[in-house]
Every structure is written in structure tokens, then in C-alpha cells.
Amino acid sequence: MTYNILADKKPVELTVYAAAAKALVLDLFNRSIVPHWRAFEPTVLMQARGTMASISYDDQNTRFTISLPEIATGKLTRAQASMYTGFIIHEALHLCYTNFNAPMGHGELGVMTNCIEDVRIELKAKTDGLVPNLSGCLTAIRRHTFQKYIDKNQVDQIASDPASLAYMLKVYGNIQLQGIDYQPEASQLITDFVRADLVEKYGPRMLSLRDSTESFELAKEILAASQEDAPEQDGDEPQQGDEPQRGKKKEQQDGEQDGEQDGEQDGEQDGEQ
């Protein structure tokens, strides 16, 4: 199974790409089988709509739907296909490793849980050797999302806003635990972040998480700690640009949304998974 679905520089029909992507998702699932999915045969639908990547689970029909940003019609360029592949691999890892019946929380807790779960599933895939060059496959979407996030919110505003904690933990996990190649500004932003103490304290613990429930429990612990001696906050909260949330029908949104029609759409989301 190839993780470079577009093997040459020629454009590829969306229908051809979708078929190859679906085969890739099922291959990952069949090779990962974790206990809560044993004897389970999922139906996977691929669709392009809107501006975000997400995965949703219909437990009555044992059907997963992976939604991708609608970045092109007709054919995909190589750059677009590479971006799509990053989306697909991340969402497929939720199918492989996330327990959709585990508690996730809502609002701020849901955002925190999803950011932690994003890091956990990617670390699990890396440890298992499930995806060759996993960090490389995810670099393009993470760099693009981070750039749009700081363009929208400004670095000094993000650094001074405790509401950025969930995203900062995700970036920390991506860089320090996974080895994803972000821009240099990302590491500096973590250092300058007003709650860098919490990032440094709790970030390494994402390495030891064993399942989705433990992601939820860690999220609760971090939020409780963040409310103790929380610094006063001035001004408006920045819009969260790379934070997923789970909505209705056990939906997980990756948090790469709000892209552009330039063949590089990864996008941002305000509200993973």
C-alpha cells in the first residue's frame, strides 16, 4: 500500500483518488486492529465537502464517513493530493485507535480531549510502525495550519492567552514527541506561552496514554490545573485554528479547516479533531 497516492506529477481524477484513499484507510484499519474493534468490519465512505477534515461514526450502521475539505473539482494536483493524504491518514488513525464510545466531554473539555487524542493516536501509529514516514506525511498540513493560525491571531496575542492551552499542547506533542517539522516560531511560541508551565508539565504525559479514556482523564486534570492561579486575561480570545471537537453522531473534526483554493488547502478549524 502506497502512502503517496499520486505517484507522478500528473493530475488525478477525484474519483480515482477517493477509491485509492478508501483502500488505504481499510488497509490501515485491518493492520492495526485494537481490542475494541475486533470482529468489526467498517463501511468507509469518502466525501469532499465544506472546509474541514472530519470523521464520523454511525454506530447503528457500523459506518464511518471521512469528510475532506472541498479543495478542487474534477482533478487533484500533486500538491492537493499530498495534502489530502495527510488529512486521510490522520482521520484513519482515529478509525484505528480512537474508541468512539469513550467519554470526550463538551466545550472546552471536548477541545482539550480532542487535541490530546490527536497526539495520542499519532504516537501510537508511530510506535506501531503503522504508517511509513508518518511525521513526513503530516508535516505539510501542520505547517500550513500553524501559519494560518498565527496569521489570524498574531503571535503575541496567542502567547498571552490561556485559551490557547489545548492548541499549544497539541503543537508541543507534534514537535517534541512526534518530531513533526514545524516552523521555528512554533517552538518559540510554546516557550513564550503564558501557561508554558502547564505545557511542560503535562505535555510529556501524552507519551504514556493507552486509550481514549485516558486522553479524557488527562484533559480534565489539565483544565482543573489551569483554573488554579489562572492569570488574568485581557482582550478578546483568539480564534482557535487547529483544535478539533467532536460533535453530533460521535463526529471527530481534525482541526485543519478553512483552507484556500490554491492546491495547498489544509485549513484551520475553530472548534481535530
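Helix α3 is largely enclosed by the rest of the structure, because 16 of its 22 residues are buried. Here a residue counts as buried when its relative accessible area is under 20%. Keep in mind as you look around that this is a predicted model. Helix α3 runs over residues 107-128 and reaches 31 Å from its first C-alpha to its last, close to the 32 Å expected at 1.5 Å a residue.

Now follow the chain past the end of this helix. G129 comes after α3, and its phi is positive, near 65 degrees. Most residues other than glycine have a negative phi. With that in mind, look at N133, which is not a glycine and yet has a positive phi, near 55 degrees. N133 sits in the loop between α3 and α4, the helix of residues 134-153. Is N133 buried or exposed? With a relative accessible area of 58%, N133 is exposed, because the term applies to values over 50%.

Continue to the loop between α4 and α5 (155-159), where you will find Q154. Q154 is another residue other than glycine with a positive phi, this one near 70 degrees.

Let us go back along the chain to a pair of helices. Two packed helices are described by the angle between their axes and the distance between the axes. For helix α1 (residues 14-32) and helix α2 (residues 78-97), the axes come within 9 Å and cross at roughly 30 degrees. The crossing of these two helices is right-handed. Which residues make the contact? On the α1 side they are L14, Y17, A21, L24, V25, L28, F29 and S32, while α2 brings A81, Y84, T85, I88, I89, A92, L95, C96 and Y97. By kind, the residues of this contact divide into 15 nonpolar, two polar and no charged. To picture the spacing in such lists, recall that an α-helix has 3.6 residues a turn, so residues three or four places apart point the same way.

H90 counts as buried, because its relative accessibility is 0%. Where does the chain come back towards H90? The C-alpha atom of L138, 48 residues away along the chain, is separated from that of H90 by 7.8 Å.

Finally, step back to see the whole protein. Its secondary structure comes to nine helices and nine strands. Of the 273 residues, 55% are buried. The protein exposes about 12000 Å², and carbon and sulfur atoms supply 47% of that area.

How values were computed:
Residues are numbered from 1 along each chain as its sequence is written. This is a predicted model: local features need pLDDT of at least 70, side-chain atom pairs count only at pLDDT 80 or more; totals for chains, interfaces and linings use all residues. Side-chain values use heavy atoms; hydrogens and water are left out. Axes are lines fitted to C-alpha atoms, for helices over the stretch in contact, and angles run from 0 to 180 degrees between N-to-C directions. Helices (H or I, at least four residues) and strands (E, at least two) are DSSP runs, numbered from the N terminus. A crossing is left-handed if the near helix is turned anticlockwise from the far one by less than a right angle, and right-handed if clockwise. Contact means heavy atoms within 4.5 Å. Ala, Val, Leu, Ile, Met, Phe, Trp, Tyr, Cys and Pro count as nonpolar, Asp, Glu, Lys and Arg as charged, and the others, Gly among them, as polar. The expected span of a helix is 1.5 Å times one less than its number of residues. Buried means under 20% relative accessible area, exposed over 50%, partly exposed in between (1.4 Å probe, protein chains only). Accessible areas come from the Shrake-Rupley method with a 1.4 Å probe; for residues, only the protein chains shown count as cover.
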